[in-house]
Amino acid sequence: MASSSLFNASLSPLNPNQHPIRRHPSPSLLRHRPVAISCTSDGNNNTTPIETSVKPPRRTENTIRDDARLHRSTAVNPFSARYVPFNAPPNSTEHYSLDEIVYRSRSGGLLDVEHDMDALRRFDGAYWRDLFDSRVGKSTWPYGSGVWSKKEWVLPEIDDDDIVSAFEGNSNLFWAERFGKQFLEMNDLWVKHCGISHTGSFKDLGMTVLVSQVNRLRKMNRPVVGVGCASTGDTSAALSAYCAAAGIPSIVFLPANKISMAQLVQPIANGAFVLSIDTDFDGCMKLIREVTSELPIYLANSLNSLRLEGQKTAAIEILQQFDWQAPEWVIVPGGNLGNIYAFYKGFKMCQELGLVDRIPRLVCAQAANANPLYLHYKSGWKDFKPMTASTTFASAIQIGDPVSIDRAVYALKQCDGIVEEATEEELMDAMAQADSTGMFICPHTGVALTALFKLRKQGVIAPTDRTVVVSTAHGLKFTQSKVDYHSKAIPDMACRFSNPPVEVKADFGAVMDVLKNYLGSQKLRS
């Protein structure tokens, strides 16, 4: 295990009396050195965390995995997690090991990953804050990852050797200073660029967890020949990349002619077996669920709650980046709706374990062409009705029958959340406005920014409210939509903020005339 490792993958029950007592160091020191954790007892069945500094390994020919093994802690792992039915009643006894291949409860409902919160509460909020902060920016395996730096809250029992990671996460929290001031009269607007990740989307955060668990299952000789997903683009990119890194076959179902070329080429380049199917995402999702029920292919869609364990770490990162102060609002684009619940879960765990004293209000933003959650919200949360999604530039959220509808509704109700929508013209204009201030965002972020515009206009979000917009994918995946917008090639769309290139002859006088005209117009604007 790594020099900052917590403990090995032992499944033994907690027995703090078997370890010698060591002095508890100053919390400030934890920010500057790797630590190992064990527990000790005061004789009254109360446990306290004990950290012991571990000297970094000398430079050798070892890999960082080798160094992790050499410095593996012998402390007993006090933490665990399991599958339980989502939002189960208190008297429910149904649960499953994370080593079981199961996606639904006995009643057919969703599952959730439940952590042993009592074990986690033995360490106070200040302790967790210091521990998580001490791992940021390190190359120690696997804690250099924004996901695995929170390993105890994600997959506490997995062995470090089984983890498949590209050191994902730790993504930029961008202060949108000019955009906020110019278009929204806001001075505390931020964009969490989750698309600045290994495959260019937030899906990496969940896929490192899922593929790591599959890697563990295969080493346990469980019947898993590969991993499969239905995708609108980003899920397939993340799945294929992490499977390729681990040498695990990946199978991808894509809706034909409904994703960008950049998204299509990623799984192909990573060696996935890609099926282009003449249907939409919902049709692909139906097929992959039928296939995985018959073949030993592990299902990688967000129906699988392991994905959400990785995705929730983006919420924890936001709190870290604000020095553990919760913003007032977090706005998340919503398609299959697992991510809105993942953010809620990350924030809620931090509140329950004492890292923060409150959580933000969440906003889920949907494209008007694929807005079943928005319609459900506007109806007062009456009977949910799936829909057939229409084509949208925000193709990754073009989903009419979201798997995680129950999770999303629960999360929004718990945090007094809001659902908003964006038309195609609104989301494309918002994307262009953001790009004009130095960003380069995806259309889905344009959906979230449109929700922000509307909530500011309504006075729901105040100009001084600290607000975070979650950007889910890199803008380079959607260059064709940007080209079409700035070329004014989109039918029935004004493209008000387009900025096409100016054609000019290779003549000094002609160039000077064009530049003088441009500079004059800029002076008038200022």
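Predicted model: local features only at pLDDT ≥ 70, side-chain atom pairs only at ≥ 80, totals over all residues.
Two strands count as paired if DSSP finds at least two bridges between them.

Six strands form an open sheet with mixed pairing, in the order 5-6-14-11-12-13. Which strands stand at the edges? They are strand 5 (173–175) and strand 13 (418–422). Each has a single partner strand, so one side of each is left without a neighbour in the sheet. From one strand to the next, the twist averages 25°.

Strand 11 (residues 329–333) and strand 14 (residues 467–471) run parallel and are joined by three bridges. Ile331 has Val469 in strand 14 as its bridge partner. Helix 11 (residues 313–321) packs on this sheet. Helix 11 touches strand 5, strand 6 (189–193) and strand 14. The direction of helix 11 makes about 135° with that of strand 6.

Another open sheet has four strands, in the order 9-8-7-10. Its pairing is parallel. Strand 9 (273–277) and strand 10 (297–299) are at the edges. Each has a single partner strand, so one side of each lacks a neighbour in the sheet. Neighbouring strands here are turned by 25° against each other on average, direction ignored.

Strand 7 (residues 226–230) runs parallel to strand 10, and three bridges join them.

**Aromatic pairs**

How many aromatic pairs does a search of the whole structure find? It finds 20. Two of them are set out here.

| Pair | Centre to centre | Angle between planes | Type |
|---|---|---|---|
| Phe343 and Phe347 | 6.3 Å | 50° | tilted |
| Tyr344 and Tyr410 | 6.0 Å | 85° | edge-to-face |

Phe343 and Phe347 both lie in helix 12 (residues 338–352). They are four residues apart, about one turn of the helix.

The Tyr344 and Tyr410 pair links distant parts of the chain. Tyr344 is in helix 12, Tyr410 is in helix 14 (residues 405–414), and they are 66 residues apart. Tyr344 is buried, with a relative accessible area of 5%. Tyr410 counts as partly exposed, at 25% relative accessibility.

**A cluster and two charges over rings**

Phe79, Phe123, Tyr127, Trp128, Phe132 and Trp153 form one aromatic cluster. Phe132 also has a charged neighbour: Lys150 lies over its face, at 6.0 Å from the ring centre. Elsewhere, the charged end of Arg135 sits over the ring of Tyr143, 4.0 Å from the ring's centre.

**Thr208**

Thr208 is in helix 6 (residues 203–219). Why does Thr208 count as buried? The cut-off is under 20% relative accessible area, and Thr208 has 0% relative accessibility, so it counts as buried. The side chain of Thr208 reaches the backbone oxygen of Val164 at 2.6 Å. Leaving out residues up to four places away in sequence, Thr208 touches Val147, Trp148, Val164, Ser165, Glu168 and Tyr242.

Methods. Residues numbered from 1 in each chain as written. Heavy atoms only, no water. Helix = DSSP H or I, 4+ residues; strand = E, 2+ residues; numbered from the N terminus. Buried < 20%, exposed > 50% of the residue type's maximum accessible area, 1.4 Å probe, protein only. Polar contact = N/O pair within 3.5 Å; in protein donor to acceptor, adjacent residues only side chain to side chain. Contact = heavy atoms within 4.5 Å. Axes fitted to C-alpha atoms, helices over the stretch in contact; angles between N-to-C directions. Phe/Tyr/Trp six-rings, centres within 6.5 Å; stacked < 30°, edge-to-face > 60°. Lys NZ or Arg CZ within 6 Å of the ring centre and 35° of its normal.
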